Amino acid sequence: MRALLKRLAGRIAQGYRSMSIQLVLSLSFTAVALAGVVFLGAGLLLRFSDSTQALTQESTQRVLAQVNMNLDSHLRRMMRVSDTAYYRVIKKTDLTLWSMTAAMDLLYEENRDALVSIAVFNEGGGLEAAVPLSASKPSAIPNESPWFRLALEKMENLHFSTPHIQDLFDDPDNRFRWVVSLSRHVQLTRDGNTESGVLLVDMSFSGVAQVCRDVELPNGGYVYLTDRTGEIIYHPRQQLIYSGLLEENNLTAAGYSDGSHRERFQGQDREVTVKTVGYTGWKLVGVVPAGRLWGEGGSLPLFGISLLLFSAFLMAFLNFRVSAYISDPILRLDQAVKELEAGRDAVEFEEGGCYELRRLSRSIASMVSTMRHLMDDIIQQEAQKRRSELEVLQSQINPHFLYNTLDSVIWMTESGRYQESIQMVTSLARLFRIALSRGKRIIPLADELEHARHYLNIQQIRYKNKFESSVTAGPDTDGLYTLKLTIQPLLENAIYHGITGSEEDGLISVDARREGDDLIIDVSDNGVGMRPEVAATLLSEERPALRTTGSGIGVRNVHQRIRLTFGEPYGLTIFSEPDEGTTIRLRLPALDLEQAEQYQQEGAP
Amino acid sequence: MKHKRNTVIQLAILTVLGGAVILTMLLPQLPSQRGAAPLVEISVILRESDSSLWSSARLGMDQAAGELGAELRVLTLDRTNDGTDQLEVLRRELGQQTDVLVVVPADPEGLARALPDQGTACPVLTMESPLEGAVLAATPDNAALGRALAQAAVDDGAAGTVLLLNASPNSTGVTARAAAAQEVLEAAGAAARVRAVDLSAPSDALRDLLKQPDLTAVMVFEPALTEQAASLKQSLGLDVPLYGVGVTASAAAWLERGVISAAGAWSDFAAGYLAVEGAVNLARGTDCRVEQLPFFIVRGEELYEAEYQKLLFPVG
């Protein structure tokens, strides 16, 4: 059992984990509400059932009490007739001297609506007096009748019989009437002596039936009357029972004490209420079919089931919508977080739902925003740091270049080549001035080209005019600005890798022009060149950092500086063929003064 | 789209369940649930001109009609056992759109021939005598009743000539009783003298028949003739034992006085009740069981036995 519960709990937990919050909410609400409805409904139903049963019992008992009172009244009237006949007539009559017939006839006439006959018999069963019928049937043997024997056996009592056909006197109309006999022992006076006798008052059965007839109980119930042994005295369907067409649970009911009882008879549950009729010991039995408490044709359970189903479905329907309303902001928040995880930048955090959710949304949005800013800052700082490193490297002068240049100046001075040494020193000075440019990163294109020109001059003197050079700029490049020290590393690369290895006279050209919004600067040489696949790897990030033997800064550094400053669309492109030479193309934004200053400010440390 | 479809389905289910709630709420108010079945009109056509013989049965009929929701019309004939008259009454009732007929056929064979010509689908239930195309209900086994009555006569010593009177020779039920009694008597060595009498004619012929000197017993097989024969026997002061069928109030009195030696009887109340119950079932198209009523032979000294009292004298 415990294992089963554990497994069940495990399944519920597993289902819970795989369910959406909306489903969990709607299922929980529905289950709780349904349990409440069932509990409440069952409670109300039980209460209703109990109340109905109590009402039915109360109503039945009230009706039975009324019937009992009426019946008691009727029987007491008959007993009064009997008393009157005995104490006012029989006791005062000496049979030798007078007849009782006239007095009894008077008594009969007073009560003829309820009486069939009054008769007095002596101890041997002989008829002493009888009204209104007086002719005994030849077959009548009164002293063998139960009412006669009972009267003599229990002299102190009055005895009521069960209904039977009056069989003592001939009826001139050949009527066979149902009577209930009231018999008692009497003392007859004959010639001054007393002797035992029996007084018989046959009351009409219709009088008893009249009291019990037309009594209505709740739910189509009825009332019947039995004697203390269960013999039926009155039943609304009495003749059907007598004819064998109907059965009644009268023998069982006779054993019931006064009050309400539940019984099952012929497959039907019944509420049976019993009340004993005072003197006689008869039992009034009220029967109410219990099944009808639930309505005709079981309509009440049907109504209950359909109402329960409707309520359950309505609750599920509404709960689903309410839970959707509650969980929708959570789901949207979850979706937004998922999108954020997937790397989407423009994620909106909607602030909806209840207070806690709105605060959570705000917190997450704030957190994401802070994180983004931090990340941007870090990225920016990293880029700045990288750019600074590159620029520092860029700005450093290869000491060998400086030593060699100064050696060349000394050597030229010693050899009297003053003009050339002056030119070299002038170019070197100009080279350093432009390289410094008062710390600016963005300088006019003209200065950058002039820087290239001076560099080439120095190198041409050093390499004894091993190569020719040209620096040109298109007219549409006037007034444009560029990133500082981008051409010189390329020229250095062209001299050391292109021209020095070549047997032929070298030619290095720098050509600047404008293409739309871009500035294109081609640095070409006719040196040894390289294979295109080698050229394609020069700018690759994976390739180890190149260090030149010139100013010490590689081509890749220039490429990275341009991209760090202006973005992905810009940078270098290398075109090269072995023995044909190399062209390195710089693509830069065509910056005017205003844009240049803007970049200058952004890049300021 | 899917969400909308689901919502529509859910609303449809809600509507259906709501409808079910309303329907079950109104269910007890519906006429079919309130037990207010349409009233069944039943025409009971007797074969006698006097319905007093059927007073006990009428009590049963009335009780059944009250309980089962039926309206009764009990009709007698101008002349007892007049088959033509009965057919006319039957036609008239069919014309009045009665729902079901309960007939005690005066001439079952003639009625069976004439019924199809009426072109009606009105169900017919008969008592006493079977009728082709109709349901026989609430009737004792006629042959067994005749045999039991004859056996009672034999037991009483009816050995010579026994007069068997039949006032309804066209009634197959009554004739079956007589024929069965004749068989038993003849088997016991008695000479059965079968005679027909006309109940609507003056009683001279019946008087002459009863006064035959060589009779050891007289047997009659229907209540009307039982009453008439007992009455004549008493008025003529005859001693010949009389055996009859049916215990009406008068017959019970003569039975008690010994005018009638024994009578075949059954609960007329039960017969009337079952007949109407069967008729209602026929009209409503429900199961109509064909039941044979139990009968008994009662003598004067047994009349007040509790069980006989209950069967013979309905509580009024």
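1. In this predicted model, chain A contains an open sheet of five strands in the order β8-β7-β11-β10-β9, and the pairing within it is antiparallel. Its edges are formed by β8 (232–234) and β9 (259–265) of chain A, each of which pairs on one side only. From one strand to the next, the twist averages 35 degrees.

2. Two helices of chain A deserve attention here. Helix α2 (residues 21–90) of chain A packs on the sheet, where it touches β7 (222–226), β9, β10 and β11 (282–289) of chain A, and its direction makes about 35 degrees with that of β10(A). Helix α5 (residues 205–212) of chain A also packs on the sheet, touching β7 and β8 of chain A, with its direction at about 75 degrees to that of β8(A).

3. Chain B has an open sheet of six strands, ordered β8-β7-β9-β10-β11-β13, in which the pairing is mixed. The edge positions belong to β8 (191–196) and β13 (296–299) of chain B, each pairing on one side only, and the twist averages 20 degrees from one strand to the next.

4. The parallel sense is represented in the chain B sheet by β9 (residues 215–220) and β10 (residues 242–245) of chain B, which pair in this way over two bridges; B:V218 has B:L242 in β10(B) as its bridge partner. Lying across β7 (161–166), β9, β10 and β11 (262–265) of chain B is helix α8 (residues 223–236) of chain B, which runs at about 155 degrees to β10(B).

5. Returning to chain A, strands β15 (residues 506–515) and β16 (residues 518–525) of chain A run antiparallel and are joined by eight bridges. The hairpin that β15(A) and β16(A) make has two residues between the strands, and in it A:G516 takes a positive phi near 60 degrees.

Technical notes
Residues numbered from 1 in each chain as written. Chains lettered and ligands numbered in written order. Predicted model: local features only at pLDDT ≥ 70, side-chain atom pairs only at ≥ 80, totals over all residues. Pairing = 2+ DSSP bridges. Helix = DSSP H or I, 4+ residues; strand = E, 2+ residues; numbered from the N terminus. Axes fitted to C-alpha atoms, helices over the stretch in contact; angles between N-to-C directions. Contact = placed C-beta atoms within 7 Å.
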